[in-house]
Amino acid sequence: MVVDEQTPAGGSVDRSSTPPPAPPAPPAPPAPPSVDDDEPAPELVWYVLKVQSSREDTIRDALERRVKIQGLQRYFGRIVVPTEKTIEIRNNKKRTIERKTYPGYIMVEMELNEKTWFTVRETPGVGDFVGAHGTPTKMPPEEVEKMLGQQTSKDEKPTPVKIPVERGDRVKIKEGPFENFEGTVEEVIEARGLVKVMLIIFNRPTPVDLEYWQVERI
């Protein structure tokens, strides 16, 4: 039997229909840790890393990802593969290419501490910091300026092609119908990217025009 209880106003309250009390609200999540405003800003310094040659861009990208994943962005600045634009001539056609200034190396701006050192060294493809006896050496200011100057001048006029042989040099042909022949440079035609080489063919000296990339000095 349900007993009605009289209210002060003379009404009654049916306890069988009274809703249960609401559960307590869950506690608020803890606030994320904040960086101490009094903590000094990191001292970013340029260092040189030895890396696997021909993989400089891939290794730079991998290092940037590791820095971001581990939340160490404030301890890193720029990570640079130094390059410069130059003109290459092949098959009598000029084209602008971007070549690496220091193959096998990348430059990184960072504060060196235990976490950042480990992050760099554990990145696949990174060999070691450049420095004596395994101690990372800071880049001299003049080297930093030179490297950064090359990066900021990328949009300027490309450097003309440089042919690495001179008249009188002995050369060996690396490619083409005269591959493995040896001869002497008679003339260098930089405007066309050609090298005139005197070869001995059928026991007779014969001048042959070759593209500069087909020969190497011996």
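Are Y47 and F129 buried or exposed? Both Y47 and F129 are buried, where buried means under 20% relative accessible area, exposed over 50% and partly exposed in between, with a 1.4 Å probe and protein chains only. The model is a predicted one, in which local features need pLDDT of at least 70 and side-chain atom pairs count only at pLDDT 80 or more, while totals for chains, interfaces and linings use all residues. Residues are numbered from 1 along each chain as its sequence is written, and side-chain values use heavy atoms, with hydrogens and water left out.

**Aromatic pairs**

| Pair | Centre to centre | Angle between planes | Geometry |
|---|---|---|---|
| Y47 and F129 | 5.9 Å | 80° | edge-to-face |
| F178 and F181 | 5.7 Å | 80° | edge-to-face |

Because Y47 lies in strand β3 (residues 45-51) and F129 in strand β8 (residues 126-129), their pair ties together parts that are 82 residues apart in sequence; helices (H or I, at least four residues) and strands (E, at least two) are DSSP runs, numbered from the N terminus. In the other pair, F178 is partly exposed at a relative accessible area of 23%, and F181 is likewise partly exposed, at 31%.

**R78 and its surroundings**

R78, a residue of strand β4 (residues 76-80), is partly exposed, with a relative accessible area of 44%. Apart from its neighbours within four places in sequence, R78 is in contact with W46, M107, V108, E109 and L148, contact meaning heavy atoms within 4.5 Å. The C-alpha atoms of R78 and M110 are separated by 7.9 Å, although these residues are 32 residues apart along the chain.

**Helix α2 and the overall make-up**

W117 is found in helix α2 (residues 114-121) and is partly exposed, its relative accessible area being 35%. For the protein as a whole, the secondary structure comprises three helices and 13 strands, and 30% of the 218 residues count as buried. Of the contacts with a separation of 6 or more, 61% are accounted for by residues 24 or more positions apart. The accessible surface comes to about 15,100 Å², of which 52% belongs to carbon and sulfur atoms; accessible areas come from the Shrake-Rupley method with a 1.4 Å probe, and for residues only the protein chains shown count as cover.

How values were computed: Rings of Phe, Tyr and Trp (its six-membered ring) pair if their centres lie within 6.5 Å; planes under 30 degrees apart count as stacked, over 60 as edge-to-face and the rest as tilted.
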